[in-house]
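Please keep the sequence and the structure in view while reading.

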Amino acid sequence: MPKITYIEHNGKEHQIEMPLGFSIMEGAIKNSIPGIDADCGGSCACATCHVYVDEKFLHKIPEAEEAEKDMLDFVQDADKSSRLSCQIIISNEIDGIRVRMPKKQS
């Protein structure tokens, strides 16, 4: 199963394995990882699952669709690596992905 490393704003790391087809957000929720609230349940409507994707993996995930881009416009401190973790589906191509949570989601 692919591994995902979640990094809290304070640097604490959580590494988990998740089956293919789940989202990075679902991995955080199912494993009680702090910093990803997912208030909308993964429907791309709240941005409480905002993460910064490690640059080595940005080219391995599909480009954000318009709905995600619109939500990211409302995110404080968004940058070019900002994504909503509910929109990143776990695949073998992203095995080892590292995502950081913003301080505001602590």
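## Terms and basis

Two strands pair if DSSP finds at least two bridges between them, and helices (H or I, at least four residues) and strands (E, at least two) are DSSP runs, numbered from the N terminus. This is a predicted model, in which local features need pLDDT of at least 70 and side-chain atom pairs count only at pLDDT 80 or more, while totals for chains, interfaces and linings use all residues. Residues are numbered from 1 along each chain as its sequence is written, and side-chain values use heavy atoms, with hydrogens and water left out.

## Strand 5 and its partners

Strand 5 (residues 97-100) is joined to strand 3 (residues 50-53) by 2 bridges, and these two run antiparallel; here Tyr52 has Arg100 as its bridge partner. With strand 1 (residues 3-7), strand 5 runs parallel, through 4 bridges, and Thr5 stands opposite Arg98.

In a regular strand the side chains alternate between the two faces of the sheet. In strand 5, Ile97 and Val99 form the covered face, whereas Arg98 and Arg100 form the uncovered one.

## The nonpolar core

A nonpolar core is a set of buried Ala, Val, Leu, Ile, Met, Phe, Trp, Tyr and Cys residues joined through side-chain atoms within 4.5 Å, where buried means under 20% relative accessible area, exposed over 50%, and partly exposed in between (1.4 Å probe, protein chains only). The largest such core has 28 residues, and those with the most contacts inside it include Tyr6 and Ile97. Strand 1, helix 1 (24-30), strand 3, helix 3 (66-72) and strand 5 each supply at least two of its residues, and helix 1 gives the most, with 3 residues.

Not counting residues up to four places away in sequence, Tyr6 is in contact (heavy atoms within 4.5 Å) with residues including Ile24, Ile36 and Val99.

## Salt bridges

A salt bridge is a side-chain nitrogen of Lys or Arg within 4 Å of a carboxyl oxygen of Asp or Glu, and the whole structure has 6 of them. One joins the side chains of Arg98 and Glu13, at 2.8 Å from N to O. Because Arg98 lies in strand 5 and Glu13 in strand 2 (residues 13-17), this pair ties together parts that are 85 residues apart in sequence. Arg98 is partly exposed at 28% relative accessibility, and Glu13 is partly exposed at 45%.

Glu66 and Lys69 form another salt bridge, with their closest N and O atoms 3.8 Å apart; both lie in helix 3, 3 residues apart, about one turn of the helix.
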